[in-house]
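I opened a new page for this model today.

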Amino acid sequence: MSDTHSMVAHQFDDALQQKEASTVGMWVFLVTEIMFFGGLLLAYFIYRTSYPHEFLIASHELNVTIGTINTCVLLTSSLTMALAVHAAQMGNRKGQVILLVVTMILGATFLVVKGFEYAEKFEHHLVPGSSFHFHSEATLQNPGAPEIFFSLYFALTGLHAFHMIIGLGLMTWLLVKAKRGRFSPQYYNPVEVGGLYWHFVDIVWIFLFPLLYLIDRSMLV
Amino acid sequence: MSEHIQEHEHIVSKKLYFGIFTALIVLLFVTVGVAYIPMGHLGIYVAMTIAIVKAVLVILYFMHVRYSSRLIWVVAGAGFVWLIILFGLAAPDYASREWLKVQGYEQLVGR
């Protein structure tokens, strides 16, 4: 089993321990990410409970069709990422490369769609700040609440999009290594761990989508 | 050497991945559909329950936690225990402010 560099770093007893260590390391990081988003979500829940009517109206400015399509895109990217890890486990170099590329294309698609959504918000004066203007402000009991909703919308989806961009960076690095045949059934830790990060970002969106886009759509606003 | 590693690792079949993916898409459309059914305050509980089911599917199967060691179960679980503590303490705190007429509760409930 000759190799230019050992698959197992010197501090580990064997490859399995090395893999376990890298997986635990990524999970510890993901726990900090859970805390990161958890805090923001708590703020969302507190304000939504305080201003349910205004949050409902503000949420109806978001496009459910676009949000659903984007969620499908992200769920598919998680599938292709899981399949990419599978390809690495099977030693299928071509499969790894193709699936990583598809994952990246889907991730980029999500971001482009998000970009169009943000552009629309700018046009409709829904970006918090001096230019914020909500159409039915005057009729509301809490006229400042829609701006709070949109502050949370941009904070949550913006932070999520930032994580996606970092994810695309990670994928690029994995793609370069995969193309060079770096991964094999004996060593695919980085693909596995990159996958964990990608799935986590998907899970965050799984929660953000219903919370932001689907506040009681049975009510006609 | 490769046999030694394979026997400790469970490789999830592609069929299972596609199955989980189908379940996730179905649950997505259920979430969207349910949002159009009038159910008042119940809506958020239904939506979050479905979201939690989807998240659990991703964690167990896409993230391989189902086939991982107990150490990883503990670390992953710790994140969610933390969330339970965060929401579990904050929610009753805010919910009870109106009942107990805590000073400043009017601003909190937007009146």
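My entries follow, one topic at a time.

**Entry 1: what I am looking at**

I noted at the start that this is a predicted model. I treat each value below as computed from it.

**Entry 2: chain A overall**

I counted secondary structure in chain A. I found six helices and zero strands. From the N terminus on, the order reads α-α-α-α-α-α. I then took the box around the C-alpha atoms of chain A. Along the principal axes it is roughly 75 × 30 × 30 Å. Chain A has 221 residues, and 39% of them are buried. I also checked how far apart in sequence the contacting residues are. Of the contacts in chain A with a separation of 6 or more, 78% join residues 24 or more positions apart.

**Entry 3: chain B overall**

I found five helices and zero strands. Along the sequence the pattern is α-α-α-α-α. Chain B has 111 residues, of which 20% are buried. For contacts in chain B with a separation of 6 or more, residues 24 or more positions apart account for 39%.

**Entry 4: where the chains meet**

How many residues of chain B are in contact with chain A? I get 42 residues of chain B against 44 residues of chain A. On the chain B side, the elements giving two or more residues are α1 (2-6), α2 (14-35), α3 (42-62) and α4 (70-99). The largest share of that side comes from α4(B), with 12 residues. By class, I wrote down 33 nonpolar, seven polar and two charged residues for the side of chain B that touches chain A.

**Entry 5: α2 against α5 in chain A**

I looked at one helix pair in detail. Helix α2 (residues 52-59) of chain A packs on helix α5 (residues 145-179) of chain A at about 60°, with the axes 8 Å apart. Angles of 65 to 115 degrees would count as roughly perpendicular. The pair α2(A) and α5(A) is therefore oblique. The crossing of α2(A) and α5(A) is right-handed. From α2(A), the residues in contact are A:Glu54, A:Phe55, A:Ile57, A:Ala58 and A:Ser59. They meet A:Ala145, A:Pro146, A:Phe149 and A:Phe150 of α5(A). Sorted by class, this contact has seven nonpolar, one polar and one charged residues.

**Entry 6: the nonpolar core**

Which residues have the most contacts inside the largest nonpolar core? I listed A:Ala84, A:Phe149, A:Leu196, A:Val204, A:Leu208 and A:Leu212. The core has 76 residues. Helix α6 (residues 189-213) of chain A gives the largest share of this core, 17 residues. I then followed up A:Ala84. Leaving out residues up to four places away in sequence, A:Ala84 touches A:Gln96, A:Leu99, A:Leu100, A:Thr103 and A:Val191.

**Entry 7: positive phi**

I checked phi next. Most residues other than glycine have a negative phi. A:His125 is not a glycine, yet its phi is positive, near 60°. A:His125 sits in the loop between α4 (93-123) and α5 of chain A. A:Asp216 also has a positive phi without being a glycine, at about 45°. A:Asp216 is in the segment after α6 of chain A.

A:Asp216 has 22 other C-beta atoms within 10 Å, so A:Asp216 is buried. The cut-off for buried is 20 or more.

How values were computed: Residues are numbered from 1 along each chain as its sequence is written. Chains are lettered from A and ligands numbered from 1 in the order in which they are written. This is a predicted model: local features need pLDDT of at least 70, side-chain atom pairs count only at pLDDT 80 or more; totals for chains, interfaces and linings use all residues. Helices (H or I, at least four residues) and strands (E, at least two) are DSSP runs, numbered from the N terminus. A residue is buried if 20 or more other C-beta atoms lie within 10 Å of its own, exposed if 12 or fewer, and partly exposed in between; C-beta atoms are placed from the backbone. Two residues are in contact if their C-beta atoms, placed from the backbone, lie within 7 Å. Axes are lines fitted to C-alpha atoms, for helices over the stretch in contact, and angles run from 0 to 180 degrees between N-to-C directions. Angles under 35 degrees count as roughly parallel, over 145 as roughly antiparallel, 65 to 115 as roughly perpendicular and the rest as oblique. A crossing is left-handed if the near helix is turned anticlockwise from the far one by less than a right angle, and right-handed if clockwise. Ala, Val, Leu, Ile, Met, Phe, Trp, Tyr, Cys and Pro count as nonpolar, Asp, Glu, Lys and Arg as charged, and the others, Gly among them, as polar. A nonpolar core is a set of buried Ala, Val, Leu, Ile, Met, Phe, Trp, Tyr and Cys residues joined through C-beta atoms within 7 Å.
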